[in-house]
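Visitor: Please take a close look at the charged side-chain pairs in this model. I would like one connected account of where they sit and what lies around them.

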Amino acid sequence: MLGKLFGRGGEGPAGDPHVLAPRKGKHGVYTLRALGDPRVLAAVEAADAGDWTALKAALAPFDLGRDQAVLGQLTEIDGLEEWIVRAADEDEEHRATALLISGARHVSWGWEARTSALAKNVTREQWQIFYERLRIAEEHLLRAAELRPDWTTPWRHLLTSARGMSLDDSVKEARLAAGLRRDPLNLDIHLEWVSQLQPRWGGEPGQALEFARKAFAAAPDGHRLGCAVAMAYVEHWVESDDTDCLQDPRIRTELREAAERSVLHHAYERRPGWQGDYNIFAMALSLAGSSKASNVFRELDGVFTEWPWTYMSDPQKAYARFRKAF
């Protein structure tokens with residue numbers, strides 16, 4: 001299977017130059033890098049080098065305004081925030097793209113300062129840095145959205161910054177509506193709202209799952225939106241004090257059917273980073289004790305993504321343990 005997905009000797013399979021060989025890990029687990037695509041790796045390397053010209057060239061095959069997966073690869077690059085604003089100021093033609101990247105990076109950079117600690121354990125200094133970075137993110141994302149009103153990804157990140165800054169619910173709902181007007185079936189917008197509806201962010205128990213179910217019901221067979229249902233259950237597990245809370249026959253049935261109608265359906269399209277969708281289902285099905293997890297792990301063939309396993313203390317080890325169990 002790895003020969004099919006990644007080729008041999010570090011090269012992509014014949015006829016497909018856009019497949020990147022994985023970095024080998026322990027126990028047959030491979031960490032996905034750059035969405036498994038050498039074109040994305042070229043963009044990441046250009047951004048890491050601070051080379052705006054090379055980054056623009058590498059991004060030519062993609063549309064960051066609609067492709068959250070590729071944009072997300074840039075948001076984790078340390079130091080990007082130091083020069084991307086200058087690029088936005090100096091490059092009028094590509095200003096919207098530079099502002100989008102800067103805004104998304106500042107959201108991620110803000111959360112790095114806040115950390116994943118409980119609010120009561122975040123220091124005053126951390127909060128100050130967090131809010132300052134999110135304030136810059138808001139400014140740049142709103143400007144990018146104004147320059148390119150057809151884009152979806154600014155609204156996805158504006159939802160995250162709104163959650164972090166505890167903006168009014170009316171603002172969050174307006175941003176959700178803005179994103180969905182541009183792409184009613186956008187998975188990333190839906191996943192962000194699934195997070196927003198969690199009790200730890202002011203939601204009510206069951207709200208996220210109801211939202212995810214309704215969205216997936218309106219999607220065609222083979223659509224990624226099935227991941228919203230799987231993620232709603234993962235989030236429920238995170239919120240619960242009962243580690244076996246998903247061990248319910250009805251939950252197993254719903255997750256199995258969601259997997260079969262989305263990622264395991266013949267109409268599902270494997271775009272760069274598709275393994276992230278499969279990892280969401282792998283975790284949800286594993287926590288539910290569903291044998292269907294074996295089908296998902298088989299297709300992944302050891303390819304691991306940090307999200308959503310990062311909810312566990314040792315993400316890669318947890319992935320390997322569940323993979324072996326199924």
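Guide: A salt bridge here is a side-chain nitrogen of Lys or Arg within 4 Å of a carboxyl oxygen of Asp or Glu. By that criterion D63, R66, R148 and D150 are linked in a network of salt bridges. The model is predicted, and its salt bridges number 24.

One of them joins R105 to D78, with 3.6 Å between the closest N and O atoms. R105 belongs to helix α6, which covers residues 95–114, while D78 is in the loop between α4 (68–74) and α5 (84–90), so the bridge ties together parts that are 27 residues apart in sequence.

Once neighbours within four places in sequence are set aside, the residues in contact with S108 are T75 and E76.

D248 and R250 meet through their side chains, with an N to O distance of 3.3 Å. R250 is exposed, its relative accessibility being 67%. For R271 and E269, the N to O distance of the salt bridge is likewise given as 3.3 Å. E269 has a relative accessibility of 48% and is therefore classed as partly exposed, since that class lies between the buried and exposed cut-offs.

Disulfides are a separate matter: the structure holds 0 of them. C227 takes part in none, and the nearest cysteine sulfur to its own, that of C245, is 19 Å away. C245 is likewise in no disulfide, and its nearest cysteine sulfur is that of C227. A disulfide would need the two sulfur atoms within 2.5 Å. Both cysteines are buried: C227 has a relative accessibility of 0%, and C245 has a relative accessible area of 16%.

Definitions and conventions:
Residues numbered from 1 in each chain as written. Predicted model: local features only at pLDDT ≥ 70, side-chain atom pairs only at ≥ 80, totals over all residues. Heavy atoms only, no water. Helix = DSSP H or I, 4+ residues; strand = E, 2+ residues; numbered from the N terminus. Buried < 20%, exposed > 50% of the residue type's maximum accessible area, 1.4 Å probe, protein only. Contact = heavy atoms within 4.5 Å.
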